[in-house]
Amino acid sequence: MKASKLAYKPVGFALGAVSGMIASAVFKQTWKIVEGEGDAPDALDEDRPWRQILLAAAVQGAIFAVVKATVERSGAQATRRVTGTWPA
């Protein structure tokens, strides 16, 4: 295994945790704007319509994917600056 890949492993784990926290906070704020409500619906919330449940899932998925890609790409670039090689 390349040294850059080994160096990136702990960084990747830490960035994964951070990206989850960031994505969660961004989703909560986005949901307030989209629906004007404090809490997003849960799939098992019987008082919410299907449209609202699926919209929340789609918005949440998109936000998590974008934040994860942004954080992972930034971490890989930082690793390349430190080690001189891409961590793949």
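Mentor: What follows takes a few labels in turn and sets each value against its cut-off, bearing in mind that this is a predicted model.

Trainee: What makes Phe 27 and Trp 31 an aromatic pair?

Mentor: Rings pair if their centres lie within 6.5 Å, and the centres of Phe 27 and Trp 31 are 6.2 Å apart, so the two rings meet the condition. A search of the whole structure finds 1 such pair.

Trainee: How are Phe 27 and Trp 31 placed in helix α1?

Mentor: Helix α1 covers residues 3–35, and because the two residues are 4 apart within this helix, about one helical turn separates them.

Trainee: How do you know whether Phe 27 is buried or exposed?

Mentor: Buried means under 20% relative accessible area; Phe 27 has 7% and therefore counts as buried, while Trp 31, at 0%, is buried too. Across the chain, buried residues make up 20% of the 88 residues.

Trainee: What does the radius of gyration of the chain tell us when set against a compact globule?

Mentor: A compact globule of 88 residues would have a value near 12 Å, whereas the chain has 17 Å, and its C-alpha atoms fill a box of roughly 55 × 20 × 15 Å along the principal axes. The secondary structure of this chain comes to 2 helices and 0 strands.

Terms used:
Residues numbered from 1 in each chain as written. Predicted model: local features only at pLDDT ≥ 70, side-chain atom pairs only at ≥ 80, totals over all residues. Heavy atoms only, no water. Rg over C-alpha atoms; globule rule 2.2 N^0.38 Å. Buried < 20%, exposed > 50% of the residue type's maximum accessible area, 1.4 Å probe, protein only. Phe/Tyr/Trp six-rings, centres within 6.5 Å; stacked < 30°, edge-to-face > 60°.
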